[in-house]
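The following exercises ask the reader to examine a structure step by step. Please inspect the sequence and the coordinates before reading the solutions.

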Amino acid sequence: MRVLLSFLFCFCLVFQAAAKPQDLTVAFEEWPASFNPSLRSGTIVFTIGAQIYAGLTRLDEQGNAIPYLSEKWELSADKKTYVFYLRENAFFHDGTKIIADDVIFSINFSRKNHPFYPFLENIQEVKKINTYALAVTLKYPMEIFPSFLIPVFVPVLPQHQYQNGFDRFSVIGSGPFYIESFEEPIAINLKKFDKFFLEDKPKLERINCKVYFDFYEIFYALKNHDIDMFMFYSCSGVESYADPEIIKGFSVLPINIIYPYMVITYNMRKPLFQDIRVRKALSLALNKEKLAAYYQNDFVMPINGGIPFTHPYYIDIAHEFNIEKANQLLDEAGYLRDKTGKRFSITIDYLTYSYVNDIIHWIQQEWSKNLGIELLLRDRNVFVNIGSESLVTDFDLFYDELILWHDPLIGMYRLYTEKNIDRNKIWTNIGAYKNPDVDALFNSVLQEEDTEKKKDLYAQIQHTLADDYASLWLISTMHYIVMEKNILGMEALPYKMMSPMLDVVLE
């Protein structure tokens, strides 16, 4: 009898564990501009895109490419041609088989439409071998190339849906979850796709995404356990926004290989910013070291040249803080003070998150006090969220938090190459920066296989951009995932929420 009771007790425990709902609730700070990451970029778009679309590859914890929709690949002797072999049990969410034609279409779609598309310009040809195999031939050997084919950069799309037109919220995907329902602008509900090509994945049954338009409201929802997880973008600690005693009850994971930083983009279409003396003066008048020290965070450091200090290609470029020299440059450029001490007014567009507000107001105060420049503020959410893309080119200064991603060809090249100008998409070369020397250096990076030589080329790129005051880089930052402690598997994902959540489970 005791044996029977013990068996029944253990059976009940197992049954209860198995019956535990595997529904994850995630908080977003805004409605995504698209569900398709090859049409729009951004952490929220990428979070959705990584779940509803597959890529030929995905990344392991160290950021290396591993098989995904492609079960394997081969590299030719000249290291230029990759042959990808697709899994033959893969389906789109409408039940249609995924074949090589769809993948070829998707690669070419990203080459044309992705905001970061220059990272794919090394592709010379994409051709079909058979129903489940395709070859991608590069102009130059590139060992890292398979890591570019992940869902957030080259999502596999259904050709039959997209070839005759599409919209930003098309919902037939290829990934582990499908969109069960959505209610713009407050909720997106994802459900496990039962015909997903990897056995017993994903572990979660649902991912429910809630949109909160107040940053502090997310922390309130976290405190009340209304949400399980969110991505925290701040150079200051989570404790700055929530009671440290409450945060102790949650896991806080840094996202180590995306290398975020804060920067001001000059609109080079305007004569004011075409003058390097103005760009230099604006930089000289800000004490970046003081700004970084304010946050008392090991990940926050001044940045010059476009690559944060945590990245392997970073080089130390000193920042000069010199108010007298800044004023002299503006005088030489012909922007003299009037009787009130004012030189001119400029507008800065930015997202109105609380931690950004602090920095913006500090810059506003420093330029007014040190240079006599009036900085006017414009909330970027007003037009970004409603899709008024033409306004992406109609600005003076554009304040943003950018991401380098796991390779600068993805996160950096797109910002400074002339070919990525006037695409009316955020996070492209919206400032219309042009420098043939920079384009030539990036072209050399494309052709270089030797790691040390590549590091040297990136050092030259950073020096060239810094000498030209191509942007006003401010400080490096860090993104974090804040989540309930019973969530397992997230720590192994390189991009965390922006990676496919295949093995994430609620304990």
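Predicted model: local features only at pLDDT ≥ 70, side-chain atom pairs only at ≥ 80, totals over all residues.

Residues are numbered from 1 along each chain as its sequence is written, and side-chain values use heavy atoms, with hydrogens and water left out.

**Exercise 1.** Determine whether the end-to-end distance of helix α15 agrees with its number of residues, and identify which residues of α15 are buried.

Solution. 
1. Helices (H or I, at least four residues) and strands (E, at least two) are DSSP runs, numbered from the N terminus.
2. The expected span of a helix is 1.5 Å times one less than its number of residues. Helix α15 (residues 436-447) has 12 residues and should therefore span 16 Å; the C-alpha atoms at its ends are 17 Å apart, which agrees.
3. A residue counts as buried under 20% relative accessible area, as exposed over 50%, and as partly exposed in between (1.4 Å probe, protein chains only). In α15 the buried residues are Val438, Asp439, Leu441, Phe442, Val445 and Leu446.
4. Viewed down the axis of α15, these buried residues fall within an arc of 160° (taken from the directions from the helix axis to the C-beta atoms), so they line one face of the helix.
5. An α-helix has 3.6 residues a turn, so residues three or four places apart point the same way.
6. On the other side of α15, Pro436 and Asp437 are exposed.
7. The cover over the buried residues of α15 includes α13 (408-411), α14 (413-416) and α16 (451-467).

**Exercise 2.** Trace the strand partners of β11 and state which of its residues are buried.

Solution. 
1. Two strands pair if DSSP finds at least two bridges between them. β1 pairs with β11 in the parallel sense over 2 bridges, and Ala27 stands opposite Phe230 in β11.
2. Strand β18 (residues 479-484) runs antiparallel to β11 and is joined to it by 5 bridges; Ile481 in β18 is the bridge partner of Met231.
3. In β11 (residues 229-233), 5 of the 5 residues are buried. Met229, Met231 and Tyr233 lie on one side, with Phe230 and Phe232 on the other, and both faces are covered.
4. Strand β1 (residues 23-28) also runs parallel to strand β10 (residues 206-211), with 6 bridges between them; Leu24 has Ile207 in β10 as its bridge partner.

**Exercise 3.** Locate Lys201 and identify the residues that it touches.

Solution. 
1. Lys201 is placed in the loop between β9 and β10. These two strands pair in the antiparallel sense over 5 bridges.
2. Contact means heavy atoms within 4.5 Å. Leaving aside residues up to four places away in sequence, Lys201 touches Lys192, Phe196, Leu502 and Asp503.
3. The side chains of Lys201 and Asp503 are joined by a polar contact of 2.5 Å. A polar contact is a pair of N or O atoms within 3.5 Å; within protein, one must be able to donate a hydrogen and the other to accept it, and residues adjacent in sequence count only if both atoms are side-chain atoms.
4. The C-alpha atoms of Lys201 and Met501 are separated by 9.0 Å, although the residues are 300 apart along the chain.
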